[in-house]
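Here are a few notes to read with the structure open beside you.

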Amino acid sequence: MALQLSGIHHLTAITAQARENLKFYTDVLGMRLIKRTVNQDDTTAYHLFYGDGIASPGADLTFFDWPVARERRGTHSIVRTGLRVRTEDDLVWWKQHLKEKGIESGNIKERFGFLSLEFEDPEGQRFRMVADPKAGESHPWEKSPVPAERQILGLGPITISVPKLDRTAYVLTEVMNMKEVRVHPARERTGEVHVFSMGDGGAAAELHVAVEPDLPFAGQGAGGAHHVAFRTTDKDSLHNWISRVTAAGLRSSGEVERYYFTSLYFREPNGVLFEIATDGPGFAVDEPLETLGENLSLPPFLEPNRAAIEANLKPID
């Protein structure tokens, strides 16, 4: 069987307001803070992970806390993150819930294969909440302010914007073994959205590629995304992905140990940063599942520097 990715692993974005970010994603979106740690390459910055009740791979939305200006929107970038719920009734509930919290949202309608609801967080992070009736079992967070049956199930689809499709499509299909399954006309402007599927497919395993040649080059910043990660099972499969990406002539990070998972990073031809990450060992490797996210967690190689790291972090609760 050909090497296969099984879906979206996580999406990492940027915030310049960690305290407000924590409040929005836990109090408004009802997600669980599953890991409170630091950016392993910049320990002055928080790295906050939000997910479902058991920190499932594929449900992780993460943020680097950097004091930067707002994102300049454009192409060569990740432009929208899908959040999955189960039914149209859930979308109706969420539209009312967001309104009560002072968050504007669009109309509930079909977009690119899914009934959906679009909105932005207070910093302009763009989301598309989609109804995914084929989703598997849910793992709600018992302390969430959102009712268990309405909670976000996980991520997907993720949308990237590129000015030209050909080289990106080649990497997605010939290197990453995705399949192009459908094409939709773009709604906001001329162009098309090409849908690429991984593994068994479905909303949790789709990457949407919007071809938008008339947009300027995006500038990374708060309210924007940093990278998207795709799921692989374990280190053995990751090593196979490293060999495959290298053989394709793509520059990459090689194996990077993130402690909670192991990763490979590379850029597709239009500059969007991709990660392939293992499903395990998971976020309960260094703290009990019951108390995930309540205290600052550091991987073993940073633990000797805990006092200095904590001194440089501002309180966010």
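**Notes on a predicted model**

1. The largest cavity holds about 80 Å³. Its lining is made up of 13 residues, and Gly-30, Met-31, Gly-51, Asp-52 and Ile-152 come closest to the centre. Sorted by class, the lining of the largest cavity has 7 nonpolar, 4 polar and 2 charged residues.

2. Sitting just after α1, Gly-30 has a positive phi of about 70 degrees.

3. Now for α1 itself. Its buried residues are Ala-18, Asn-21, Leu-22, Phe-24, Tyr-25, Thr-26 and Val-28. If you're wondering about the spacing in a list like that, an α-helix has 3.6 residues a turn, so residues three or four places apart point the same way.

4. Next, the nonpolar cores. The largest has 68 residues, and Leu-29, Met-176, Phe-230 and Phe-274 touch the most other members. Helix α1 (residues 18-28) is the top contributor to this core, giving 5 residues. Another core lies apart from it, with 8 residues that include Ile-34, Ala-55, Tyr-260 and Leu-292.

5. What does Met-176 touch, leaving aside residues up to four places away in sequence? Click on it and look for Leu-5, Val-171, Phe-230, Trp-241, Phe-266 and Phe-274.

6. On to the sheet with 8 strands: it is open, its pairing is mixed, and the order runs β2-β3-β4-β1-β13-β16-β15-β14. The edges are β2 (32-39) and β14 (256-257); each has a single partner strand, so one side of each has no neighbour in the sheet. β14 runs antiparallel to β15 (residues 262-267), with 2 bridges joining them. To find one of the partners, look at Val-256, whose bridge partner in β15 is Ser-263.

7. Then the open spaces. The largest pocket has a volume of about 480 Å³. Of its 26 lining residues, Arg-84, Asp-132, Ala-135, Gly-136 and Ala-204 are nearest the centre. The lining of the largest pocket splits into 10 nonpolar, 9 polar and 7 charged residues.

8. Last, the second largest pocket, at about 400 Å³. It is lined by 21 residues, with Val-79, Arg-126, Glu-188, Arg-189 and Glu-212 closest to its centre. By class, this lining has 7 nonpolar, 4 polar and 10 charged residues. Which strand gives the largest share of this lining? That would be β12, with 3 residues. At least two residues each come from β5 (77-85), β8 (126-131), β11 (192-197) and β12 (206-211).

Terms used
Residues are numbered from 1 along each chain as its sequence is written. This is a predicted model: local features need pLDDT of at least 70, side-chain atom pairs count only at pLDDT 80 or more; totals for chains, interfaces and linings use all residues. Side-chain values use heavy atoms; hydrogens and water are left out. A nonpolar core is a set of buried Ala, Val, Leu, Ile, Met, Phe, Trp, Tyr and Cys residues joined through side-chain atoms within 4.5 Å. Buried means under 20% relative accessible area, exposed over 50%, partly exposed in between (1.4 Å probe, protein chains only). Helices (H or I, at least four residues) and strands (E, at least two) are DSSP runs, numbered from the N terminus. Contact means heavy atoms within 4.5 Å. On a 1 Å grid over the protein atoms alone, a cavity is a set of points where a 1.4 Å probe fits but cannot get out, and a pocket is an open set with protein on both sides within 12 Å along at least five of seven lines; lining residues have an atom within 4 Å of a point. Grid points are joined across faces, edges and corners, and a volume is the space filled by probe spheres set on the points. Ala, Val, Leu, Ile, Met, Phe, Trp, Tyr, Cys and Pro count as nonpolar, Asp, Glu, Lys and Arg as charged, and the others, Gly among them, as polar. Two strands pair if DSSP finds at least two bridges between them.
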